[in-house]
Amino acid sequence: MKHLTDEEIMLAVASGELEKLSILFDRYNVRIYNFFNKMLQNKMVSEDLTQDVFIKIMKYRTSYKNGNFASWIYTVARNIFSSYYQKQKKERTNMIDDDTLVSNEVIVSERSEEELEYLQKALLQLKTADRELIVMHRFQEIKYEQIAEIIGSNEGAVKVKVHRALKKLKDIYFQTVKS
């Protein structure tokens, strides 16, 4: 089963082999959770939104048309994030709390933790669109081409946007460190 591509598995799910969705869940749930958690810094909401992604995949499985699965699932995740963000924006003045960055990927030293905290603070100060690009490219390691497909742009424009977002992040980061 591990030799099947994501696209082959999703086509099987779309044709009724629902048990194969567990394979895609195993491959993507941590990545999608990390995407939401980097965007929101809220573990509980990130878990709920991750669950929503797989519910939507199940619900709309027949709409999958053999495209790049990673782009498709991140488009679903992005749409769910956008809906959540718009809903919360109406209800609150400050949705994003200051939970500390949680990383299961790397054990970091105390100094690195401090640097990560500054980085996270700087990341949260970016506009949502800029933060999303950085999270997808740097934290999720999604290629420019796939990001372009996800956000409905072209690869060159995405490269420029990511570069500009990184510059803004760098400026904010160093302002945060100095203060």
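These legends describe close-up views of a predicted model.

**View 1. Gln-140 in the loop between α6 and α7.** Gln-140 counts as buried, at 7% relative accessibility. Its side chain reaches the backbone oxygen of Arg-31 at 3.2 Å. Beyond neighbours within four places in sequence, Gln-140 is in contact with Arg-31, Ile-32, Asn-34, Phe-35, Tyr-74 and Val-135.

**View 2. The salt bridge between Asp-6 and Arg-27.** This pair is one of seven salt bridges in the structure. The N to O distance is 2.5 Å. Asp-6 is buried, at 16% relative accessibility. Arg-27 is partly exposed, at 26%.

**View 3. The salt bridge between Glu-117 and Lys-121.** The closest N and O atoms are 3.7 Å apart. Both residues lie in helix α5 (residues 110-125). They are four residues apart, about one turn of the helix. Glu-117 is partly exposed, with a relative accessible area of 40%. For Lys-121 the value is 40%, and this residue is partly exposed.

**View 4. The salt bridge between Lys-168 and Asp-130.** Here the closest N and O atoms are 3.0 Å apart. Lys-168 lies in helix α8 (residues 155-178) and Asp-130 in helix α6, so the pair ties together parts that are 38 residues apart in sequence. Lys-168 is partly exposed, at 38% relative accessibility. Asp-130 is buried, with a relative accessible area of 11%.

Conventions. Residues are numbered from 1 along each chain as its sequence is written. This is a predicted model: local features need pLDDT of at least 70, side-chain atom pairs count only at pLDDT 80 or more; totals for chains, interfaces and linings use all residues. Side-chain values use heavy atoms; hydrogens and water are left out. Helices (H or I, at least four residues) and strands (E, at least two) are DSSP runs, numbered from the N terminus. Buried means under 20% relative accessible area, exposed over 50%, partly exposed in between (1.4 Å probe, protein chains only). A polar contact is a pair of N or O atoms within 3.5 Å; within protein, one must be able to donate a hydrogen and the other to accept it, and residues adjacent in sequence count only if both atoms are side-chain atoms. Contact means heavy atoms within 4.5 Å. A salt bridge is a side-chain nitrogen of Lys or Arg within 4 Å of a carboxyl oxygen of Asp or Glu.
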